[in-house]
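Let me put the model up, and then I'll walk you through it.

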Amino acid sequence: MPPPDGLLDGIMGRIDLLELRDDLEAERRRTRRWRLGAGAMAAAAAALLVFVALDEPAVAPQEYVAVATADGGGPALIVALDLARGTATVRPVSVEAPADGSLELWHIEAGAAPRSLGLVDAAHTVKTPLDAAPGDVVAVSLEPPGGSPTGTPTGPVLYSGPIVALE
């Protein structure tokens with residue numbers, strides 16, 4: 001006697017379902033391993049973040065700035081100092097570029113000769129090396145085109161201001 005119609009299809013369907021269950025269980029095991037690994041990595045990253053955060057100094061470094069003005073007028077340029085790197089960022093605010101000369105920036109320490117920090121660009125912020133301390137002065141003089149020919153200021157000082165600590 002032959003088997004009833006659909007019996008073979010039912011058996012084959014059950015066999016396919018069993019294989020699918022086995023495949024699904026294997027995928028679940030792999031996914032669990034990935035999740036555990038990702039969780040362990042996230043915990044390690046969080047621990048590293050806490051370690052780095054606690055290793056930072058408790059006191060923020062002091063910031064210094066000089067605001068160069070013309071005889072008490074508004075700020076002509078702002079010089080922000082990064083003492084850790086020994087650099088200064090010179091940002092023009094209301095500097096007027098002379099048509100017949102150059103503006104030169106100077107660092108003046110108490111009891112020392114002025115030292116050139118380069119030419120001031122009236123339109124752009126520039127960075128320059130600067131090893132300075134509070135109480136020193138920055139000044140801008142009017143010089144011949146290209147800057148001072150002698151290495152010291154030769155023209156009138158147009159802007160100046162002391163280096164002070166920001167609090």
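**Starting from Leu105**

So, skipping its neighbours within four places in sequence, Leu105 is in contact with Val90, Arg115, Ser116, Leu117, Gly118, Val120, Val138, Ala139 and Val140. Contact here means heavy atoms within 4.5 Å.

Quick housekeeping. This is a predicted model, so local features need pLDDT of at least 70 and side-chain atom pairs count only at pLDDT 80 or more, while totals for chains, interfaces and linings use all residues. Residues are numbered from 1 along each chain as its sequence is written, and side-chain values use heavy atoms, with hydrogens and water left out.

Now the overall layout. The protein chain has one helix and eight strands, and from the N terminus the order is α-β-β-β-β-β-β-β-β. Helices (H or I, at least four residues) and strands (E, at least two) are DSSP runs, numbered from the N terminus. If you take contacts between residues at least 6 apart in sequence, 55% of them join residues at least 24 apart.

Back to Leu105, then. What is the size of the largest nonpolar core, and which residues have the most contacts inside it? It has 20 residues, and the ones with the most contacts inside are Leu77, Val79, Leu81, Leu105, Val140 and Ile163. By nonpolar core I mean a set of buried Ala, Val, Leu, Ile, Met, Phe, Trp, Tyr and Cys residues joined through side-chain atoms within 4.5 Å. The elements giving two or more residues to this core are strands E1 (63-69), E2 (75-82), E3 (87-92), E4 (102-108), E7 (137-143) and E8. E2 gives the most, with four residues.

For the burial numbers: buried is under 20% relative accessible area, exposed is over 50%, and partly exposed is in between (1.4 Å probe, protein chains only). On that scale, 22% of the 167 residues in the protein chain count as buried.

**Over to the helix**

How many salt bridges does a search of the whole structure find? Four, where a salt bridge is a side-chain nitrogen of Lys or Arg within 4 Å of a carboxyl oxygen of Asp or Glu. Glu25 pairs with Arg28, closest N and O atoms 3.9 Å apart, and those two are separated by about one helical turn because they are three residues apart in helix H1. Glu25 also bridges to Arg32, at 3.9 Å N to O. Then there's Glu27 with Arg30, at 2.1 Å N to O. Glu27 is partly exposed at 41%, and so is Arg30, at 40%. Through shared partners, Glu25, Arg28 and Arg32 join into one network.

Further along H1, which spans residues 7-55, you find Leu48. Is Leu48 buried or exposed? Exposed, because its relative accessibility is 53%. Leu48, Phe51 and Val52 make a nonpolar surface patch of about 310 Å². Patches take residues with over 30% relative accessible area and no salt bridge, joining like charges within 9 Å and nonpolar side chains (Val, Leu, Ile, Met, Phe, Trp, Tyr) within 5 Å. Areas come from Shrake-Rupley with a 1.4 Å probe, and for residues only the protein chains shown count as cover.
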